[in-house]
Amino acid sequence: MTLRIRIASLIWLLTFAVSLNDSFWVSLWPSFVAISIVFLVNRALIGLLAGATSGILILHHGNPITGFISFFQDHLLPSLQSSWNLSILIFTLLLGGFVSLIEKGGGIRSLLHTLIERNKGGRKTLLWSAYSLGLICFFDGLANSLLVGKSLTSPARKLGVSGAKMAYIVDSTSSAVACVAIISTWIAYQLSMIREGVLAVNPEAEVQPFQLFLHSIPYNFYCWFTLALLAVVIGREWDIGPMRKHERKTTSQIETKRNHTADPEKELKPHYIRALIPLFIMIGGLLVGLYWDGSNGQLLPINFQKISEAYGAADAALVMLAVSALSCLVAWAMNAHPIRAQNASSGAVFMEGVIHLFQPILILVSAWIFSSTLKQLDTVSVIAGILEGNFPLWLFPMAVFVIGAIISFTTGTSWGTMGVLMPLSLPVAIHLSGDMESIVVLGTIAAVFSGAVFGDHCSPLSDTTIVSSIACEVEPVDHVKTQLPYALVAAATATLLGFLPVGLGLSPWIALPTGALLLIAMPSFLGTRTR
């Protein structure tokens with residue numbers, strides 16, 4: 001047994017001693033347990049379950065028998081009996097199967113090759129193609145990294161682009177895009193965490209998680225500044241830190257091998273329409289379905305205010321479930337032939353995608369249980385009471401982002417970071433600000449997501465980081481070293497020109513262009529241009 005596991009076990013066992021204490025500080029113990037164990041064992045599922053069970057033991061004064069019964073009776077079963085929660089679980093699993101079908105069907109890969117063949121303009125054209133394709137493959141971070149990385153790495157090397165540069169591009173357009181997309185494998189989990197945070201303040205509240213998510217998108221500064229910085233890096237060929245070494249090394253190798261490189265093997269690809277039509281149905285169906293359901297059939301006149309109100313009033317879980325089921329059927333039908341040509345079955349491919357999301361589903365369920373225990377312990381009121389009058393409200397979004405970035409970087413889990421931080425920070429923000437849709441509340445929601453993406457983006461423990469490096473044929477440690485300087489630049493910009501000004505009341509529509517302009521100007525006064 002390693003030292004970390006021993007320490008984690010000791011922390012959890014201390015719960016029995018803590019549970020005998022009647023101090024109000026006891027309600028903070030489950031959060032400490034969850035965060036500490038996530039840090040120590042790098043497993044979000046274990047950390048969340050440890051935090052939840054410690055909270056249940058405290059509620060039952062250290063009695064493991066009644067606590068065990070309560071775990072299922074008072075926390076797990078009620079979570080699974082919620083119609084919203086069940087819809088979210090089914091939607092997430094269906095979307096996993098949907099992504100697997102269109103990926104295995106080859107339509108996305110065909111689109112990548114088509115765009116490459118039409119844009120043979122050279123190095124910078126290929127880099128912009130990688131950036132654009134990363135935006136197109138918005139539906140899943142890992143699928144994005146694999147598809148774009150594997151499709152473009154070979155032609156990139158022939159044009160003198162290092163694997164480190166390609167890994168940076170595909171990684172920066174994976175989680176950052178999926179986090180702000182209104183339809184992705186992330187959205188169900190994000191909406192569920194927002195809902196849990198609101199219900200922690202008022203269990204009887206009319207929750208509109210989709211509307212809160214939409215309104216928080218402009219505040220997701222780290223994701224937006226990551227994408228803006230990537231555009232600057234490509235447009236200005238701005239290589240900083242270890243990236244310069246990798247780019248120079250690849251360029252020198254290309255000069256000696258250019259005349260000996262064989263043409264890439266051409267292979268028959270299914271038409272990209274097999275992926276685009278199911279994606280169009282998924283995205284268009286969601287947009288139209290939410291508006292139709294929320295407007296009660298009163299479609300005209302159409303304006304921004306009415307669309308916003310309709311999205312807030314719509315039964316988002318029902319619409320997402322219906323649209324995802326329809327999209328899966330279309331993806332199944334359109335990709336059956338190319339999948340059979342690979343000696344596979346559509347059913348097996350679909351189930352492979354479902355199984356791929358089984359562990360994230362377990363993390364989601366454990367986050368619900370953890371949130372349920374925090375509600376019964378009234379943890380939010382304790383934290384709010386401690387902070388009120390002692391912590392400036394305007395610093396809250398920035399503090400949440402920094403804490404989230406630290407947790408996600410050291411653990412490598414974005415979903416685990418959301419599961420630990422959202423049920424704690426969002427209720428406190430609502431309680432302190434007194435307004436469900438205040439700038440501080442929306443900024444806090446986005447800060448949790450931004451902090452989670454930071455670690456998913458550049459932590460050496462993140463699956464997205466590892467997959468991006470493998471897809472681009474570069475060592476994971478080299479990918480982390482070359483990408484981290486850019487991630488820190490985006491994080492610093494998000495902190496100082498995003499979350500801090502927003503906490504002071506500045507509109508995100510002012511903070512976003514201000515931060516973008518700074519990123520555009522950086523190469524001019526910092527230099528380090530290599531070409």
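These legends describe a predicted model, first as a whole chain and then in close-up views. Local features are given where pLDDT is at least 70, side-chain atom pairs count only at pLDDT 80 or more, and totals for chains, interfaces and linings use all residues. Residues are numbered from 1 along each chain as its sequence is written, and side-chain values use heavy atoms, with hydrogens and water left out.

**View 1. The whole chain.** The chain has 27 helices and 0 strands; helices (H or I, at least four residues) and strands (E, at least two) are DSSP runs numbered from the N terminus. Of its 531 residues, 56% are buried, where buried means under 20% relative accessible area, exposed over 50% and partly exposed in between (1.4 Å probe, protein chains only). Among contacts (heavy atoms within 4.5 Å) with a separation of 6 or more, 80% are between residues 24 or more positions apart. The accessible surface is about 22000 Å², and carbon and sulfur atoms hold 65% of that area. Areas come from the Shrake-Rupley method with a 1.4 Å probe, and for residues only the protein chains shown count as cover.

**View 2. Helix 18 against helix 19.** Helix 18 (residues 316-341) packs on helix 19 (residues 346-356) at about 125°, with the axes 9 Å apart. The pair is therefore oblique. Angles under 35 degrees count as roughly parallel, over 145 as roughly antiparallel, 65 to 115 as roughly perpendicular and the rest as oblique. Axes are lines fitted to C-alpha atoms, for helices over the stretch in contact, and angles run from 0 to 180 degrees between N-to-C directions. On the helix 18 side are C328, W332, A336 and I339; on the helix 19 side are S346, G347, V349 and F350. The contact has 6 nonpolar, 2 polar and no charged residues. Ala, Val, Leu, Ile, Met, Phe, Trp, Tyr, Cys and Pro count as nonpolar, Asp, Glu, Lys and Arg as charged, and the others, Gly among them, as polar.

**View 3. Helix 8 beside helix 10.** The axes of helix 8 (residues 123-136) and helix 10 (residues 163-172) come within 9 Å and cross at roughly 30°, so helix 8 is roughly parallel to helix 10. R123, L126, L127, A130 and Y131 of helix 8 meet K165, M166 and I169 of helix 10. This contact holds 6 nonpolar, no polar and 2 charged residues. Helix 10 is largely enclosed by the rest of the structure, because 10 of its 10 residues are buried.

**View 4. F409 and S459.** F409 lies in helix 22 (residues 396-411). F409 is partly exposed, at 26% relative accessibility. The C-alpha atoms of F409 and S459 are 4.8 Å apart, and the two residues are 50 residues apart in sequence.
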